[in-house]
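I opened my notebook on this one to see how its pieces sit together. Here is what I looked up, entry by entry.

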Amino acid sequence: MKRKLNTAFRKFIVKENGAVSIYVIIVALLLFFFNAVLIDYVRIMVAEYQVDQASKAAIRSTFSSFNKDVQNKGLFVLNKGAESPDQIFEDVFEENLTVDESGYYKFVDTKMESTSFNANENRTFSNTELVKHQILEEMKYKAPIEFGKIIIDGILPYTCTMQEAEVFVDVAKEVDDLVQDRDDYMEKAKEHLLNARNSLKSVDGEVNNNSSSVYPDVKNLEDAKKHFSEYEDDPKTEFERDLKNIFIDIRNDGNAAKRELTRAIQDLKKAKKINGNIEDKIAEVEEEVNEKYDNLSNNDCSDQALSDVEGQLDDLTDQVKEYVIEDSFFTNAISRTEDAEDNVDNGRAPGSSSSLVPYVKYQIIDFDGLLEEPQNAAINLLKQYFNTAYTDTKEAHNYADDNYEETETGDSGDSSFSDALEALNKIKDIVNKGMALNTDFDTYEKLENLVADYGGASEDSAGDLDLEDAEQGSQDAFDMIGSLFSNLGDLAAGTRDHAYINEYILTRFASDDTMGVFEPGSYPDSFLFINREVEYILYGSHTPGVNYGYALLELTALRFGLNFISAFTQPEVKVVPHPLPKAIAATVWAFNRTVKDIGKLTSGEEVPLFHINKMRPFMTDYKFYLRLFLFMHPGDDSRINRIQSVVDEKTSEDLLDAPIYATGTTEASIDLWFLPGIMDMLGTTGVLDGKVQNGRYYIEKEVDYSY
């Protein structure tokens, strides 16, 4: 038996024919294992693809149940009132796995094991960045390129002229007040000099007239000299009394002249200081205005008519600069007045002075000594002191009077601006009436609470625009315009996103431009929130009527600035010769034109950007200015928060936690035909992602999805 086994072994193993058989068997076995693994691997790949596609289809189906009220605003959130999203997810996933393959061999029998659907709590409608992303995605295909048309072509080419206009208005306003103050002090100084001159002149006859009386009368110093010999022979009390009274008159009028000269010096010094302030203010205003336009440097106006206006404005600013008086005038005027004051009374003790008042005081104090001594020398010296003081005072007055001319500023009181004030009152009445609106409180209270929930957006108010003072109002208007251009220059790389968000606001929310604010029947509807959604998103005030009021204030400011430039082409302004009165005339024309423009713009009509006959008209409507104001107040996060609040307020559901982003997880399995242990090993080593259990291969998939 043992021999037989050995023989068989040798025949099967040792002999050549046996080795070939073993090799064939081994190779065949390896091929079987390889094909078995390959077949199950392919089936797993097919199953994973099915699970992936079914998972994506399921989550897309879940997100198809969106809130239609929100979708009307171009935004998407899951509809909480619809069928449970996790059930939709499970049903659609299962249906996509169990495809009907009747009549065909079922190569893969993928079976659903479990599903879960979870909304992301941090990625809901309250997430500002997600809402902003949805807006940008919505508008990148739909938004017209209004920025280029409205901003680049419509406004920026006129930056240079607007800058010159603001410089002129601000310089004119600041300088006008200072020039008037300087004129006031100079008028006071000249009046004091004239009073001093007249005080001395009133006793000039007592000092310098020839002798005209008979002893013992003494009417002037020459009488005293002529009658003194008679007085020595026959003293008369009338002679002494008259002479002393002459001295007293000279002293009193000298004291009066001294006081007036002192006041004149004080006023001249104040005028000189204001004159320096005028020069400093002009430089300061130019620097402040130019800084606003640094990011929009454009020294070339695109239209010849505007270039002409820009040249006029530049010339007018230069003329205003000429209102600064050479410092040498004040130096000379003060020096001459101080000399006159010193010669009238240098403040020294009587008897030791070379000026008029101390000397004459000494003569009064030592009057008896004067009568006892030869008086010709004293009287001659008194006349000399008087004439020097009088001559210097007269010359100081003449110098100030001849070399200072009151500046032509025009009447800047209410009478000059009466027409402008009448126009402003129309705007003021409408704005005040709108801001006193006593309805809409519930709507704005709800919006205020929603804004707090969505992030607490800060309010953007309009700039200050004085509607009580036309001159100050003109400066305020250009301050607001300067801020507009400054913000436009700061937009830089974010311009496209700003433009898209602004266009979204204008196309998706209400802003009625057909009611006409000056139409009696337009109130209160024109101020109600239902017609002012855009203005609310723009400014964010929760006081009824205020948002439209802000828009009207900024519309007034911008239209005034554009009309102020246009004013310099109008005949009634062109004929005014001096710069400051011309500024007043331009202001009056601009405010009157502005009221007409606002009436048209709020009634659905268009107005040209500039009312200049030589210019090709660029027509603008109310939305044109809203676009500008949206750029003027570029606070994106606050604006998105207000958009969220308005959308939420207009839906019946609470959108604060409405999902925009969710995660779906699925698990499915297939049976393994061959060698599950090898597949389990491949999963353990990371070649496959799934796991093997009880002869089935389990596949897990996670899908993140957002609108």
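**Strand partners**

I began at the end of a strand: Asp-671 has Arg-696, in strand 6, as its bridge partner. Before going on, I noted that this is a predicted model, where local features need pLDDT of at least 70 and side-chain atom pairs count only at pLDDT 80 or more, while totals for chains, interfaces and linings use all residues. I also noted that residues are numbered from 1 along each chain as its sequence is written, and that side-chain values use heavy atoms, with hydrogens and water left out.

I then followed strand 4 (residues 661–671), which is joined to strand 6 (residues 696–706) by 11 bridges, running antiparallel. Two strands pair if DSSP finds at least two bridges between them. Within strand 6, Tyr-698 stands opposite Ser-669. Tyr-698 also stands opposite Lys-691. Strand 5 (residues 691–693) pairs with strand 6 in the antiparallel sense, over three bridges.

What does strand 1 (residues 111–119) pair with? I found it antiparallel to strand 4, over eight bridges. Here Gly-664 in strand 4 stands opposite Phe-117. Strand 4 is mostly covered, as nine of its 11 residues are buried. Buried means under 20% relative accessible area, exposed over 50%, and partly exposed in between (1.4 Å probe, protein chains only).

**The whole chain**

I stepped back for the totals and found 26 helices and six strands in the protein. These are DSSP runs numbered from the N terminus: helices are H or I with at least four residues, strands are E with at least two. Of the 707 residues, 51% are buried. The accessible surface is about 33,100 Å², with 46% of it belonging to carbon and sulfur atoms; the areas come from the Shrake-Rupley method with a 1.4 Å probe, and for residues only the protein chains shown count as cover. Among contacts with a separation of 6 or more, 81% are between residues 24 or more positions apart. A contact means heavy atoms within 4.5 Å.

**Helix 9**

I looked at helix 9 (residues 221–233) next. Its 13 residues reach 19 Å from first C-alpha to last, close to the 18 Å expected at 1.5 Å a residue; the expected span is 1.5 Å times one less than the number of residues. Where is the kink in helix 9 centred? It is centred on His-227 and comes to about 50°, the bend being the angle between axes fitted to the seven residues ending there and the seven starting there.

His-227 is also buried, and so are other residues of helix 9, including Leu-221, Phe-228 and Tyr-231. The buried residues of helix 9 pack against helix 8 (204–208), helix 10 (237–292), helix 14 (367–372) and helix 15 (376–403). At the N-terminal end, Asn-220 is the cap: a side-chain oxygen lies 2.9 Å from the backbone nitrogen of Glu-222.

In helix 10 I checked Glu-260. Glu-260 counts as buried because its relative accessibility is 13%. Leaving out residues up to four places away in sequence, Glu-260 touches His-192, Asn-195 and Ala-196. Its side chain makes a polar contact with that of Asn-195 at 3.4 Å. (A polar contact is a pair of N or O atoms within 3.5 Å; within protein, one must be able to donate a hydrogen and the other to accept it, and residues adjacent in sequence count only if both atoms are side-chain atoms.)

Arg-263 is in helix 10 too. Is Arg-263 buried or partly exposed? Arg-263 is partly exposed, because its relative accessible area is 38%.

Thr-556 lies in helix 21 (residues 546–567), and is buried at 0% relative accessible area. Thr-556 touches Ile-427, Leu-465, Thr-594 and Ile-598, again leaving out residues up to four places away in sequence. In helix 24 (residues 622–632), 10 of the 11 residues are buried, so the helix is largely enclosed by the rest of the structure.

Most residues other than glycine have a negative phi, and most peptide bonds are trans. Tyr-215 and Pro-216 are joined by a cis peptide bond, with omega about 10°, and Pro-216 is found in the loop between helix 8 and helix 9. The peptide bond from Tyr-523 to Pro-524 is also cis, with omega near 5°. Asp-440, not a glycine, has a positive phi of about 75°; it lies in the loop between helix 16 (418–435) and helix 17 (441–454).
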